[in-house]
Amino acid sequence: QVQLVESGGGLVQAGGSLRLSCLASGSIFSIKATGWYRQAPGKQRELVATISTVGSVTNYADSVKGRFTISRDNAKNTVYLQMNSLKPEDTAVYYCNAKWGPNLGTNIGSWGQGTQVTVSS
C-alpha cells in the first residue's frame, strides 16, 4: 500500500505563489509516477501535472504550463508542486495521486486527502 499526505495549501492573492507537498509512505519503491490533480466546485477532477519515478519525466496541463513546476525529492519521499502567477481559476482542492504496483503490468492508484488552494482576485 501507498499512503499520501498533502500539505501547503492556503489563501493567496492573484499573482502570488504557493508550494504544495505530497509525502509518500508505505510501498514507496513500487511508485511509478506521482501526479497532482485538482477539483473545483461543480467541476470534474482534472490533471494538473505528473512526474515519473524513473527519469523524472514531467507532464503538465496546458492551463498551468509555464506557471507550475512539479518536482521530486527522493530522499524525502516527497513530490512538490510549485505554483506561481496564480489565478482565481486555479482555486480548487488539490489532490496528490500515486500510480504504483508490484510489477510492470499492475497499476494501482492511491489518493491523498486533498489540500485547499484559494486564489483571491
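Tutor: A disulfide is a pair of cysteine sulfur atoms within 2.5 Å. The model considered here is predicted, and it holds 1 disulfide.

Student: What makes Cys22 and Cys96 a disulfide?

Tutor: The S to S distance of Cys22 and Cys96 is 2.0 Å. The cut-off is 2.5 Å, so the pair qualifies as a disulfide.

Student: Why is the disulfide of Cys22 and Cys96 called left-handed?

Tutor: The torsion about its S-S bond is about -80°, and the disulfide is therefore left-handed.

Student: Which parts of the chain does the pair tie together?

Tutor: Cys22 belongs to strand β3 (residues 18–26) and Cys96 to strand β9 (residues 92–100), so the link ties together parts that are 74 residues apart in sequence.

Student: Are Cys22 and Cys96 buried or exposed?

Tutor: Both Cys22 and Cys96 are buried; the term requires under 20% relative accessible area. Of the 121 residues in the protein chain, 42% are buried.

Student: How many helices and strands are there in the protein chain?

Tutor: The protein chain has 0 helices and 11 strands.

Student: What makes the protein chain as compact as a globular protein of its length?

Tutor: Its radius of gyration is 14 Å, close to the 14 Å given by the globule rule for 121 residues, so the protein chain is as compact as a globular protein of that length. The C-alpha trace spans about 45 × 25 × 25 Å along its principal axes.

Student: What can be said of contacts between residues at least 6 apart in sequence?

Tutor: Among those contacts in the protein chain, 55% join residues at least 24 apart.

Methods: Residues numbered from 1 in each chain as written. Predicted model: local features only at pLDDT ≥ 70, side-chain atom pairs only at ≥ 80, totals over all residues. Heavy atoms only, no water. Helix = DSSP H or I, 4+ residues; strand = E, 2+ residues; numbered from the N terminus. Rg over C-alpha atoms; globule rule 2.2 N^0.38 Å. Buried < 20%, exposed > 50% of the residue type's maximum accessible area, 1.4 Å probe, protein only. Contact = heavy atoms within 4.5 Å.
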